[in-house]
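Subject: Structure handover

Hi,

Here is the structure I promised to pass on to you. Please have a look at it first, and then read my notes below.

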Amino acid sequence: MSQYYLSVMLFVLFVALVAGRAVMLKRQGIKAIVFGNTDKSDYLLVPFMLLIVYTISSKAFGLPLFQPLVAPFWPSGLPGIGGIALCAAVLIGLAASLASFGDSFRVGIDDQSPDKLVTTGMFAYSRNPIYVCFDLFFAGQFLIHRNIAIAVAVVGFALVIHRQILREERFLASHYGDEYTEYRNRVRRYL
C-alpha cells in the first residue's frame with residue numbers, strides 16, 4: 001500500500017475522531033459544533049482544509065492538480081514513513097485529548113453555554129493539545145506529500161489556528177478569570 005493511500009486513511013481517521021466526538025455529545029444534548037457562531041472569520045480555516053483534503057486525495061486517487069503544486073520537494077519517500085508514524089502517533093494523542101476534554105469539547109467558541117475549564121489529562125501538559133495535534137498531524141502529512149500545496153496549506157492552517165487560540169484565550173480569561181490565569185501561568189500554550 002502506498003504512503004499516499006495511508007495518508008488518506010489516516011486523514012479519514014483524524015476526521016472521524018473529531019466528528020465522532022461531536023456526534024456523541026449531540027446525542028447528550030450538547031452542541032459541540034459552534035464553529036463560526038461568534039466570529040465568521042472562523043471560516044478562514046475552510047480554504048486551507050479544502051486544499052489539504054484535495055491535495056492528499058489527488059495523489060492517492062489521481063485527481064487532477066497543477067503538477068508544480070504537487071511535485072515533491074525531494075525524491076526520497078523515506079520522510080514519508082516518518083510522516084505516517086507521526087500522523088499515527090498524533091491520532092493517539094488526539095483521542096487522549098478528546099477524552100480529556102470530556103463534555104467540554106467544542107469546535108469554536110461557545111459563549112452561550114461554556115462548560116467547566118479543563119485542566120487535567122492532556123490539558124495538564126498543553127493548554128491546546130487538540131490544536132497541537134492538528135498542527136502535528138498536518139506536518140506529518142507534509143512529510144508524506146512533501147510538496148508546495150501541502151506546505152502552504154500547513155503554514156496557513158497553523159497561522160489561522162494560532163489566531164483562534166489567541167481569541168479563545170481572551171474568552172477563557174474573561175469567562176474563568178483567576179482560575180484561567182493560574183492555569184495559564186502553570187501550563188504552556190503549546191508544548
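A word on residue classes before the notes: Ala, Val, Leu, Ile, Met, Phe, Trp, Tyr, Cys and Pro count as nonpolar, Asp, Glu, Lys and Arg as charged, and the others, Gly among them, as polar. By that scheme, the lining of the largest pocket splits into 33 nonpolar, five polar and eight charged residues.

Some housekeeping: the model is predicted, with local features needing pLDDT of at least 70 and side-chain atom pairs counting only at pLDDT 80 or more, while totals for chains, interfaces and linings use all residues. Residues are numbered from 1 along each chain as its sequence is written, and side-chain values use heavy atoms, with hydrogens and water left out.

Back to the pocket. On a 1 Å grid over the protein atoms alone, a pocket is an open set of points where a 1.4 Å probe fits, with protein on both sides within 12 Å along at least five of seven lines, and lining residues have an atom within 4 Å of a point. The largest pocket has a volume of about 1,000 Å³, where volume is the space filled by probe spheres set on the grid points, themselves joined across faces, edges and corners. It is lined by 46 residues, and R106, V107, G108, Y131 and E168 lie nearest its centre. Helices here are DSSP runs (H or I, at least four residues), numbered from the N terminus. α1, α2, α5, α6 and α7 each give at least two residues to the lining of this pocket, and the largest share, nine residues, is from α6.

Next, the core. A nonpolar core is a set of buried Ala, Val, Leu, Ile, Met, Phe, Trp, Tyr and Cys residues joined through side-chain atoms within 4.5 Å; buried means under 20% relative accessible area (1.4 Å probe, protein chains only). The largest such core has 45 residues, and F14, L94, F105, F134, F137 and F138 touch the most other members. At least two core residues come from each of α1 (3–27), α2 (45–61), α4 (78–101), α5 (129–145), α6 (148–176) and α7 (178–186). Here too α6 supplies the largest share, nine residues. Taking contact as heavy atoms within 4.5 Å, F138 touches F11, F14, M49, I52, I150, V154 and F157, leaving out residues up to four places away in sequence.

P129 and R189 are 60 residues apart in sequence, yet 8.7 Å apart in space, C-alpha to C-alpha. H145, also in α5, is buried at 0%; among its contacts beyond four places in sequence are Y4, T55, K59 and P72. R146 is in the loop between α5 and α6, is buried at 5%, and has a positive phi of about 40° although it is not a glycine.

Best wishes

Note on methods: Buried means under 20% relative accessible area, exposed over 50%, partly exposed in between (1.4 Å probe, protein chains only).
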